[in-house]
Amino acid sequence: MTGRATILVATLLTLSACGSRATEASLARPQTEAHAVAGPPSAEPLRGRPPSREEEDAIRPLLRAAERIRGLRFSHDVPVRVQSAEDIVDFVRSQIDDEELEHARVFYVAIGLLPPDLDVRALLLRVMGEQVVGFYDPQLGTMVMREDVARDLRALRSAGRGIEGDESAMVLVHEYVHALQDQQLGLGEHYRDERSIDGENAFASLVEGDATLSMIGWLSLAAGGHLSALTSDLSALRAMVDQGGVGTGSGAEMAAAPAIVRAPLLSRYIDGMLFCAALHGRGGFAAVDEAHLRPPVSTEQLLHPALYFAHALPEVITLPELPALAAAGYAPHEEDTLGELEMSVWLAIGSSADRDRVAAAGWGGDRLRVYRGPGTATAAVWWTTWDDEAEAIEAERAVTIVGSHVFAVRGHRVGRALSILIDVPDEAAAAIESTFDAWAGELAASPDR
């Protein structure tokens, strides 16, 4: 990945309640069960300490639970490092590239999804401090767990109590599934692929949804049930979600974070889990394994699994050079494809909801370019397509509402194509819309997607 705006959500992936550092990776080699949770070698750069023998004994059943429910086996050791909460915060702090984060901040501020005065770096660290229980680091092939979590698991085992249903235990089962993905499904290799914001959200949702579904499967087994009973009828799982029965992170910092921070992050666990459940219902975890080889390419496929099964691809939009903005003193800052998920967050600006799922549901494709202008000025040109004209009209209405609440937004529709201009000078906007009209006229040759 380059230093594009995906760095914001990619960094945020490390900060969830199931805090996997799944945006970076590496792997490989065989083991014996006795060393399944052994500490890392002395050259290990992570702070902290190896687990005690008592802690190893408490952790090992979680590792085996991940293998059992996921139907995969570890091919080599998964070292464990026990760290204080402060060590974990320091580690995440060291992974943040301030230059890339600033680049991302400008991108999202320009379209109104982040407030201009937000200290994004401080936000990341606050949310991380509140949320992270443990994480698997695929770059080092190491599991990291917080000191108090190791202590609690040790106490549960010493007291002879079961760990099924314990929140920390569930998180660690989730993280051990990431270790299995790393060793058996090429997680590290796949994460190095270049993707758009939309593609990155979709792939990360597969990774996190797989681990979340596995966690639910472990709980089902512990209760004497079977995961297939849930995935054969997705309405039951959706009801659990609607009733708050599948949680992925809570707390004051998460609740106070902007929707563009909160919604994509939670979607990776909730929508990702529902997507993987749809796969599981068709072919068990073998179908999920196959999806790691052919991951969803868009959040549209992720949010609507039938489109994934039908191999329905998003429309690719190429923005032309726009000399009118150059003449006004604006230069390109960054461009990307946000996809249905982040489009739904943007269309909800000004409302009490994180996402406008209905208005975004007919998304067909998009391309957004952010410009920097004189002084601190920014502008954005966003071309979108929709499944049909009715869907485009619905999106156009939502764009009008966004504009009435926030900033200078100018929507312009031709058939099923919709142009969105944000803080573009009027003289440049007219020329850009003329260029858009010509492009949309060519698109009209195929009236529906």
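Predicted model: local features only at pLDDT ≥ 70, side-chain atom pairs only at ≥ 80, totals over all residues.
**View 1. Helix H9, a helix largely enclosed by the rest of the structure.** Helix H9 covers residues 197–222, 26 residues in total. From its first C-alpha to its last, H9 reaches 37 Å, close to the 38 Å expected at 1.5 Å a residue. Of these 26 residues, 23 are buried, so the rest of the structure largely encloses the helix.

**View 2. Glu67, a buried residue of helix H2.** Helix H2 runs over residues 53–70, and Glu67 lies within it. With a relative accessible area of 5%, Glu67 falls under the 20% cut-off and is therefore buried. Look for two polar partners here. The side chain of Arg64 makes a polar contact with the side chain of Glu67 at 2.7 Å. The backbone nitrogen of Phe74 lies 2.8 Å from a polar atom of the Glu67 side chain. Leaving aside residues up to four places away in sequence, Glu67 touches Leu72, Arg73, Phe74 and Leu180.

**View 3. Residues 1–44, a stretch with pLDDT below 50.** Across the chain the pLDDT averages 85, and 87% of the residues score at least 70. Over residues 1–44, however, the pLDDT is below 50, although this stretch has 156 contacts in the model beyond near neighbours in sequence.

How values were computed
Residues numbered from 1 in each chain as written. Heavy atoms only, no water. Helix = DSSP H or I, 4+ residues; strand = E, 2+ residues; numbered from the N terminus. Buried < 20%, exposed > 50% of the residue type's maximum accessible area, 1.4 Å probe, protein only. Polar contact = N/O pair within 3.5 Å; in protein donor to acceptor, adjacent residues only side chain to side chain. Contact = heavy atoms within 4.5 Å. pLDDT = per-residue confidence, 0-100. Expected span 1.5 Å × (residues − 1).
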